[in-house]
Amino acid sequence: MGKILEINGPLVKLELPETVIGEQVRVGRIGLVGEVIGRDGNTALAQLYEDTAGLRPGEVAEGLGWPLSVELGPGLLNAIFDGVQRPLNAVWEQSGDRMARGVSVPSLPRDKRWHFVPDEHRRAGASLAGGDILGTVQETESILHRILTPPLLHGELLELAPEGDYTIEEVIGRVKLADGRIEKLRLFHRWPVRTPRPFKRRDHAVQPLLTGQRILDTFYPLLKGGKAAIPGPFGAGKTMLQQQIARWCNAEIVIYVGCGERGNELTDVLEFMPELKDPHTGRPLMERTLLVANTSNMPVVAREASVYVGITLAEYFRDQGLDVVMVADSTSRWAEALREVAGRLGQMPVEEGYPAYLGSRLAAFYERAGRVETLAGGHGSVTLIGAVSPPGGDFSEPVTSHTKEIIQTFWALSKELADARHYPSVDWLESFSGYVGSAAKWWAENIDPNWENERAAALDLLAASEELQRIVNLVGVEALSSEQRWTLEAAGLIKEGLLQQSATDEIDSFASPEKQFALLSAMLEIFRQGMKLVKLGAPARKLIQMPLLAQARRWKSQHSSDQIDQLKVKIAAIPGEFEKLMLEYEQTSA
Amino acid sequence: MKNIEFRTATSAQGGLIVMGGVPGVAAGSRVQLRDHAGRLRAGLVIRSADDAVLVEVFEGTDELDLERTWVRFLDEPFKLPVSRDILGRVFNGAGLPRDGRPPIISADRRDVNGEPLNPAARAYPREFIQTGISAIDGMNSLTRGQKLPIFSGGGLPHNRVAAQIVRQAKLLGEESSEFVVVFAAFGASHADARFFQESFEESGVLNKVVMFLNLADEPVIERLLTPRAALTAAEYLAFDLDYHVLVVMTDMTAYAEALREVAVLRGDVPARKGYPGYLYSDLAEIYERAGRIKNRRGSITMIPVLSMPSDDITHPIPDLTGYITEGQIVLGRELANQGVYPPVTVLPSLSRLMKDGVGKNFTREDHPHVASQLFASYAKALEVRGLAAIIGAEELSDADRRYLEFANAFERRFIGQGEDEDRSVYETLNLAWDLLSMLPPEALIRVSEAELAKYHKGATA
């Protein structure tokens, strides 16, 4: 037993010899939990996950003997945890509307029985390695939970329980280790959050993560196992875009970490998710979703821990051979938590008060994404999408600039677009994706061989229009040639008919890759047909008045992803519209 | 321990004193100081160790010495006594009466710091509040339980706008407002405080208002307590007495500056513009106390007012606020100079909760599309206006000239309205269609074809 020496905000100095850095401690009469971040002689410095008001020097402190760990087993899905994996619904039942301090509730329900089906290949007497699949539990209708051996365990399987209903604490098997000790197996195990879970080897990411959002999938693709960042000033629609991704992406598990964000946003997610269906399985979205919520008014140290809790949960599902997406909203708040603790430790600040290790911590965190061959021999992936909240929307600030060097896909949100209510406000000039080549292969094989060219053509058009817009801003639209005017008009068509996508419109909210490509080719077809006419001498003024242009802007919300045929009929009719116009033009000019 | 006075101050400087040799003092506990003249001051323990306790003195350390300063540790956090009687009262920043009436006596005393709400216990705000102001109701609507700040600047009429919202706010279908108001002013001038007091008096709601005032010439450190005391009262009214509480706080910039002042004294590492790294967390502790709770009837709707230093929306205070609150109403100097009241600059304004509180079942089915169309058309119109400034209005095409007229009418008739003009949301939407009808139907792609047929007045037909 040790004791408290000094209390300074979330930091507590303890007289506690023989503790290990990273070890969990319980402090004070009310039993606040924290972790040791430094040692000096007989004293230990700990950061606490809860508010320290009321603690006194002299009160007791003890080391718990393990680092911050999470419980991994059935009962994770459909749950909402705080930053140190306390189940918020159970905490609510126990301590009421407000987060009382010192509450200890197990992360996974202890009394619930799960139907365990042992893996048929497991035989008593055979050897068992870490990460092996012991059996399965049908946790939700869409997710089959594989029960894994703890990653570092190796030995001989002595016995495995038969099919039946078990709580997570009941012993379902025994293993004899190399040194002769016998280890019990349960439906769950613990893993320290700051240590990446092991796997056999890293693999290439090959499949795009489809989000149903045209500007993302078609223009700046992300792969399953990739790393992406969404930077944007407040009000640019960051949260909305992340919720759209969580809603529609074709991953099997979605982990949404609300790190230092608004309470009402999480409530929104909690309320709308159960009502929505997974477009890929038809099951309620909540069945594949897991929330880690540490809102901005909750203690800052737990906020720092929350992203590690989230990524460890993601790795656990990856190790079961699943494709997992983790959305971290927002990594800036995590970095600020880091800064706050560093400041109290008196560490030398470098840029804007951030500690020197900001860049390396960020990089190490994002490195936990990837597609891997799991210990059990299958393939799984963790795709990491981090929101960044740059102060004042300034992308040159430390968190954004470090992140930009680490990630492969950059979805830059623009305040100007958001102000004009162009959503999603992904800036097509600032954004980039390093995965276009790999994604092109998938699109060519599955949707259309021409995808890469069409995508490039649309981007060229957008870039050209940016140039033209500058001229217009100086001298007015009349100064443009007919060809230039038509280019400008077509770019506007792409922006409004393709890039803009309404999250609240039932039909437009999600677009299958087929629909995305159909719309892309439709807009380009209009551009090309028009350009042909313009080159023949038709004035752009005439073309711009075509009703087709206003109609095409509405197609995205008129035909759902199941009604591509109707869309194709309309596309097929495009050349006819222009021929009519050409005839008219020829008659009047003749 | 409560009864012992210690005279062990070892240093005092700029609002902080260090006490030596007081073992076992609880972090965050309240402190009472008695100086050489016998005057009492209040303080708070911000760092506690056996050999040294750091105390923040609200009234500052002016005229304190080390030898004749007696300190008593009260062993509890700052608490506010609450009862039904707080309605109609005026308190100072620390919750003591400043209206000459006796203090509130109640066995129910609440820690002003509150405890964070469990996210699982929150209920999502969905009930549309009609403020009677078109720029808000039509395009940036407020819902019950939302926190929607007014971003303003020196000399802009943010106080008048806030007062108008307080006077007119009601739920659809209700005849009169059933709100109670908690009003907190920190660093505000006496004139501002009087303006609000008179405005509440005139509209006859004074007995439904609780005021917490820490004015510009009053102790700076007490400012850190003022919003917390006010919100403790608001939580009591909302979640114990089932009231719908509208909290108006002004001016958050003064609060953040007070926080910076104290942070510098404490030697905290500065982040941006000298503000401490925990400014975000600290503001969140305040703003996040707005909201609704499942199975409770009351609610807290928050309208903080903040003046943006040099009208700069990227300054840390508006910036961090915008990241926490559910939108912002931005007032602009340009519109104000043209005599438009309320000068709401709609493009940077936003209400994040609007999507779930308007439309069918809430206001009118066309509301979300109309709002989106107004934003898009006005954005386009401003582009045209920028162009006209360069090449001259005569050079514009006919279509563009229509946009120019639309922009002017929109600013005068839709944004602009009287200070006593209380427009229903239906009037607002009809007015919006009047204006949108100045533009050809094919330019309006954010509204559906059915809505066009029903509401568009066919300017070109």
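This is a predicted model: local features need pLDDT of at least 70, side-chain atom pairs count only at pLDDT 80 or more; totals for chains, interfaces and linings use all residues.
Which strands of chain A form an open sheet, and in what order? Four strands form the open sheet in the order 12-11-9-14, with antiparallel pairing. Here a strand is a DSSP run (E, at least two residues), numbered from the N terminus, and two strands pair if DSSP finds at least two bridges between them. Residues are numbered from 1 along each chain as its sequence is written, and local features need pLDDT of at least 70, while side-chain atom pairs count only at pLDDT 80 or more.

Select next residues 144-148 and 164-166 of chain A: these are strand 12 and strand 14, the edge strands, each pairing on one side only.

Proceed to the salt bridges (a side-chain nitrogen of Lys or Arg within 4 Å of a carboxyl oxygen of Asp or Glu). Select A:E6 and B:R47, whose closest N and O atoms are 2.9 Å apart. A:E6 lies in strand 1 of chain A and B:R47 in strand 5 of chain B, so the pair joins two chains. A:E6 is buried at 18% relative accessibility, whereas B:R47 is partly exposed at 36%; buried means under 20% relative accessible area, exposed over 50%, and partly exposed in between (1.4 Å probe, protein chains only).

Finally, select A:D268, A:E271, B:R126, B:K355 and B:D356, which are linked in a network of salt bridges.

Methods
Chains are lettered from A and ligands numbered from 1 in the order in which they are written. Side-chain values use heavy atoms; hydrogens and water are left out.
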